[in-house]
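Dear colleague,

Here is the structure I promised to pass on. Please open it alongside this note; what I found follows below.

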Amino acid sequence: MTATNHVVTGALIAITISNPVIGLPLALLSHLVLDSIPHFGLEDLKLAKFVPILMTDIIFAGSVLVALLIIRPENYWLMVAGGIMAASPDLLSIPLFISMIKRRKHKFGVVQRFLQKIQWSETAKGLAIEVVWFGFIGALLLQKIH
Ligand SMILES: [Zn+2]
């Protein structure tokens, strides 16, 4: 899923569970669950299309975290930590991204191959699922902010 949805979901899990020892690992696990749900993705990974979408996603995801840091709702640090934990597995894609830019063939590691495999459905239509998910989880997260 998009980094934005990973962040809001991880934040919601961490604040709902409130015990970081349990909540943060669950936020990390949520990445796998979300990625196995059909979601948005481009069938052909052309850099010119992919980069603006990725940047938009990063700006949205970052804005959620920055907003939490500015508003500082109760236990905001839990939400920020949960959001970062949930999105963090996608950082493993940075080497792949660099290979794409350098037009080099990329060798996938075991973890990366696993993370790719569970994303069995990445389509343009998946954007609808992302939007609904964001609306639902975002509304629940807003209720936790006080
Ligand atoms: Zn992912």
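Among pairs at least 6 apart in sequence, 79% join residues at least 24 apart. Bear in mind that this is a predicted model.

Overall fold: the protein has seven helices and two strands. Along the sequence they run α-α-β-α-α-α-α-β-α.

Dimensions next. The C-alpha trace spans about 45 × 30 × 25 Å along its principal axes. The radius of gyration is 15 Å, and a compact globule of 146 residues would have one near 15 Å, so the two agree. Of the 146 residues, 29% count as buried.

Now to helix α3, which I looked at in more detail. Helix α3 covers residues 47–71, 25 residues in total. How far apart are its end C-alpha atoms? They are 35 Å apart. At 1.5 Å a residue the helix should span 36 Å, so the distance agrees with expectation.

Four positions in α3 deserve a look on your screen. D57, A61, V64 and L68 are buried. Which helices do the buried residues of α3 pack against? They pack against α1 (3–17) and α4 (76–87).

One backbone detail to finish. Just after α3 comes R72, with a positive phi of about 50°.

Best wishes

Technical notes
Residues numbered from 1 in each chain as written. Predicted model: local features only at pLDDT ≥ 70, side-chain atom pairs only at ≥ 80, totals over all residues. Expected span 1.5 Å × (residues − 1). Buried ≥ 20, exposed ≤ 12 C-beta atoms within 10 Å, placed from the backbone. Contact = placed C-beta atoms within 7 Å. Rg over C-alpha atoms; globule rule 2.2 N^0.38 Å.
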